[in-house]
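Here are my notes on this structure. Please read them with the model open beside you.

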Amino acid sequence: MKNIPTHIIQILAYRHIEPLNEQQKDQLASWLAEDAVNQDLLTYFDDKGKLYQDLQQLKQQDADGAWEKHRLLFEPAQQTPVRKMQGQAWVKWTLAIAALCLLAFGVFLYQSNKIKEDQQFADSIKPGSDKATLLLADGQTIELSEDASGIRIDSNMKDADGNPVLSQAEKQALSSFTVATPMGGQFNMTLPDGTKVWLNSNTTLTYESLKDQRIVNLQGEAYFEVASLQLPGTWGKANKLPFVVQTKDQRVEVLGTQFNVKSFAEEKTTATTLLEGQVQIAMNTQQMLLYPGEQAVSTGQRLKKQNVNMSTVMAWKQGEFVFNEEKLGEIIAQLERWYNVKFELQDARLADIRFEALVSKHLQLKEILNLLELTGKVRFIVKDQKILVKRNTK
Amino acid sequence: MKRDLHTDEQFLMEQFKRGETAAFEIIFKRNYPALCLFLQKMGVDTFPAEEMLNDLFLKLWDKCADFDSLEGIRGFLYISSKNAALNHFDKLKRLQKREEHYLAQQDQWTSFPVQQQIIYLETLKTIEQVIGQLPDQCQQVMQLMFIEGLTPQEVADQLNIARGTVYNQKARGLSFLKEKLSPEQFLFLLLFFDF
């Protein structure tokens, strides 16, 4: 969640008491410009009847009474009185306690070893980074590391030392290749046709350039900025070279535009979101035209259109996680891919709890989990190379 | 120098982190009314709202060492209240009692993102604090003028006092606020009031 602007609260409050000066007016104006919903809030404030009613209601809340009622709960635990033991009982008790202590110590030794292992595992979890593997048609693989980020995949590709990456024969094979990111990896590059692609984690993209179209097979999530190309020797819109993205169910055909496709093998849905231009979606016999701000979602045999929040869809590319009333199941799927860890739900219903958060992808996993725990709904426990998700029963 | 929990926020925070009940009491009383109203505006009835807040403050108390700022605590309280209310409605829905709460949800209020909702309630808190510090008649005048938006004449009519008294009380109210507030706050007020 974003910070709550204290100066705006002051301004909004004093606005009702005295006219604002120039500086205050400027601050208010720039706050209003930040988000259309702020203007709505201001209008809401100016409904005098409502403000008065809410103020009255606020006054009527009895904090002192509530405190008195519950103060016992909030006070430190009282010492329970100790009964004195009589006769020989203390010998038995001492022995029993000693035995228990020994047992507990044994369990502690065993546990503390396990805890240490779990702790080491927790510390080893790191956010993902820029990396991918390039697979050429002849079967050769080339590791693309952080310094290759943004590279243009073409026959003149050079490695970090400036040496050509491809041999003469390999250059011939470049009309088709595959780029794959692992769990905990992401990568951006330019395809030979000039199209820019950002790959999210655990994503495989195969590119093939044919005479009359460019074809990409995608499993995972990628954002495309397609270069508009003319068919050789032609002109006019009718003769543009199509760019096609094929996923497990949707076929997305465009001429030159920006869009995001999410289609992971382990997830039932595929979602194509359009930022600019126009795309044609096809699934089985269904067809659909998408306009900016719209998303085509397919689940099983159904293809439907919906409006979405762009910043949520594009967050991954901006280096953020944006969870907007997002289900824990989806949140976990994203964290698993980026931190390369496994979560385990203690209870399948936990997957449906919704959370709201905006965090950087560069944070340690621990910090993100802490934030989610702060809601008081769930707890995360690192155990046996996994992260166990429990309902918070407290 | 003796530090005062009520005015020294850093001290309040330190004491809270250490689990001092006196610090917790202040934080409880400062936030409780606005959170009640927050839940009520979402359509939660008074009784379940009280229960929710009770649970929530217990949780806050349990985790006192995890918090580093009063803003952090405030954010936690609002967000958790909202989540508690949503869970509450989910349960109600399952119990087929959806209709009762439908009307409450029609209000524009529920369409605001939680950030704007927090700003609204914190503003109410500020207005109440500022006006609540004034002497009686002065308070009434300020309230009618600034909150209800009445003209001085209307205020005079309603309180059955002369119009001149309204102006006097208003001036008195402003100078009272000036005396009452701490130096920094006063500076801040000066920015607004332009004496």
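1. **The cores.** The largest nonpolar core has 80 residues. F16(B), F57(B), L60(B), I73(B), Y120(B) and L121(B) have the most contacts inside this core. Helix α2 of chain B (residues 21-41) gives the most to it, with 12 residues. A second, separate core has 39 residues, including V197(A), V226(A), V254(A) and M283(A). A nonpolar core here is a set of buried Ala, Val, Leu, Ile, Met, Phe, Trp, Tyr and Cys residues joined through side-chain atoms within 4.5 Å. Buried means under 20% relative accessible area, exposed over 50%, and partly exposed in between (1.4 Å probe, protein chains only).

2. **Ground rules.** This is a predicted model, where local features need pLDDT of at least 70, side-chain atom pairs count only at pLDDT 80 or more, and totals for chains, interfaces and linings use all residues. Residues are numbered from 1 along each chain as its sequence is written, chains are lettered from A and ligands numbered from 1 in the order in which they are written, and side-chain values use heavy atoms, with hydrogens and water left out.

3. Look at L121(B). Leaving aside neighbours within four places in sequence, L121(B) is in contact with A34(B), L37(B), F38(B), Y78(B) and W109(B). Contact means heavy atoms within 4.5 Å.

4. **Chain B.** Chain B has 10 helices and zero strands. Helices (H or I, at least four residues) and strands (E, at least two) are DSSP runs, numbered from the N terminus. Of the 195 residues in chain B, 50% are buried. Among its contacts with a separation of 6 or more, 57% join residues 24 or more positions apart.

5. **Chain A.** Chain A comes to 10 helices and 21 strands. Buried residues make up 42% of its 394 residues. Residues 24 or more positions apart account for 51% of the chain A contacts with a separation of 6 or more.

6. **Strand pairing in chain A.** Two strands pair if DSSP finds at least two bridges between them. Strands β5(A) (residues 185-190) and β6(A) (residues 196-199) pair in the antiparallel sense over four bridges. F187(A) has L199(A) as its bridge partner in β6(A). Five residues lie between the strands of this hairpin, and G194(A) takes a positive phi near 95°. β6(A) also pairs with β8(A) (residues 214-225), antiparallel and over four bridges. There, K196(A) stands opposite E225(A).

7. **A buried glutamine.** Q250(A) is found in the loop between β9 (243-246) and β10 (251-254) of chain A. Why does Q250(A) count as buried? Because its relative accessibility is 0%. Not counting residues up to four places away in sequence, Q250(A) touches V245(A), T270(A), I281(A), M283(A) and L303(A), among others.

8. **The cavity.** The whole structure holds one cavity of 30 Å³ or more. A cavity is a set of points, on a 1 Å grid over the protein atoms alone, where a 1.4 Å probe fits but cannot get out; lining residues have an atom within 4 Å of a point. About 50 Å³ of space lies in the largest cavity. Its lining includes L55(A) and K59(A) from chain A, and I127(B), E128(B) and Q139(B) from chain B. α6(B) gives the most to this lining, with four residues.

Terms used
1 Å grid on protein atoms, 1.4 Å probe; cavity = no way out; pocket = protein on both sides within 12 Å on 5 of 7 lines; lining within 4 Å. Points joined across faces, edges and corners; volume = space filled by probe spheres on them.
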